[in-house]
Amino acid sequence: MPRLNTDAIQLTGCGGLYQQLYLSMRQLLLSGRWPAGALLPSERQLAADLALSRSTVQQALQQLVAEGYIEAQQGRGYQIVEALPDGFFSASATAVAASIGLAAQDYGLTAKTPGYSGHLQPGVANVQHFPFRLWQQLLQRHANRTVLCGMADPSGYPLLRQALVQYLRQSRQLVCDENTILITAGAQQALFIAAKLVAASQQAVLMESPGYPRLKQALQLAELNIGFVPAAGATGLDPTQLPDNANTKALFLTPSHQYPCGGIMPLSQRLALLSWARAEHCWLVEDDYDSEFQYRHRPIASLQGLANGQGVLFAGSFSKTLFPALRLGYLVVPAELAGRASAILQALQGDVPLLPQAVLADFISEGHFNRHLRKMRRVYQQQKQLAMQLLQQHFPAATLLAQDAGLHLTLLLPGLTDDVALCQYLNQHGFKVQPFSRYCFLNEPQRGLVIGIADADEARLIQLIGLLKAQLLPCS
């Protein structure tokens, strides 16, 4: 077979010369433009034609030899091997899997779609008001601490857990200490760990409907048998509607602000729920959703506090109070489960990064967190009131839910049959509102929109209303 020439080699100009040459030749090999068995251009020819040093050419060729693409032939130079190492993987993944009898597990999950952010997205904080300069100062305080570069306590940074104890005792009346708090990579991870703690594969658990889709995904991933209980009422889930003698291992719920319908469970129902859970020997997993942003009254005591810390796991995060990319949350568990909880976390991902935990510990203990919450509570209340006023004015026949707390409003629109298509249309115009049907697991007949208010201003809301009217005027 004749020796190949250098005409097809193209150096990209990105990266070192050796890497450019190696990548260009590797691509020619894998694409088949340089056929198996052919002799490569000589080292001298490569160096002369491409204006490279002989050492650069030799380095690229040695890399290709080491990876099994070419082999040295005594007195002839380098020859392309007959079976390239990547050839096996270049075939269709489906065909390869079928040929060797492999099948991957499907948990019924869907990945986040492209274009994951936009205006009026529910559950997303307004970072324009975040004190980034202060956060940067705290970050610099800890940036060169070598102790934060090593292995972490399996339950999380001790000073952060101590700061959380004080905050949760005061704000949510929790019964906890630093040994019962596990720092997690967000609330989603906390809920998954809770699911693994309270039930084994194929055992029965309950969650709310309408409810949190990502909680459903966590329970699916834990391979649990999921049942649903109605929670669209003004006070959220009604304990009198819960099943008796159903051998349910756990109930997952959002009593502080039901998501997405906004019900806030009163004290009487919380006590009734605890009685039901004790009678059924059923764990409660309390997702403390939006408790920080209550606008009509102070948050009602947590289920965990009312139960004196027994039989209830309590999950929360800093995604909405600070910013989503922080990816820090927590799970409060009874003392006897603390070791198991941290062991599950270690199996999932190992340590949660220490540097942001140290910064957050100072942010809380020095009072910055409470000041930021007070400020954002006023900001969000004003923006929610503006959104409510405009939506009620322009859609008087619609039903508006979740008015008293949180970072979203739920707008139920009479006559609307396809809220998914409507949201796709709005997404094309930069709005990331969510279809209400996405949260419904019991075939609830109502359709509508879940609208974030954290970045709501009058111009943005008017633009959204105009788009909605153009699509829904007969339904509004």
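Which residue in β7 is the bridge partner of Leu251? It is Leu284. Before we walk on, a word on the model: it is predicted, with local features needing pLDDT of at least 70 and side-chain atom pairs counting only at pLDDT 80 or more, while totals for chains, interfaces and linings use all residues. Residues are numbered from 1 along each chain as its sequence is written, and side-chain values use heavy atoms, leaving out hydrogens and water.

Let's begin with the sheet. Strands β6 (residues 250-253) and β7 (residues 283-287) run parallel and share four bridges; strands count as paired if DSSP finds at least two bridges between them. Both belong to an open sheet of seven strands with mixed pairing, in the order β3-β9-β8-β7-β6-β4-β5. Because β3 (181-184) and β5 (225-230) at the edges each have a single partner strand, one side of each lacks a neighbour in the sheet. On average, neighbouring strands here are turned by 20° against each other, direction ignored, using axes fitted to C-alpha atoms. Helices (H or I, at least four residues) and strands (E, at least two) are DSSP runs, numbered from the N terminus.

Now turn to helix α3 (residues 54-66). Thr56, Val57, Ala60, Leu61 and Leu64 of α3 are buried, meaning under 20% relative accessible area with a 1.4 Å probe, protein chains only. These residues lie on the same side of α3, because they cover an arc of only 130° around the axis, taken from the directions from the helix axis to the C-beta atoms. Their cover includes α1 (17-31), α2 (43-50), β1 (70-73) and β2 (77-80), with contact meaning heavy atoms within 4.5 Å.

Technical notes
Axes fitted to C-alpha atoms, helices over the stretch in contact; angles between N-to-C directions. Buried < 20%, exposed > 50% of the residue type's maximum accessible area, 1.4 Å probe, protein only.
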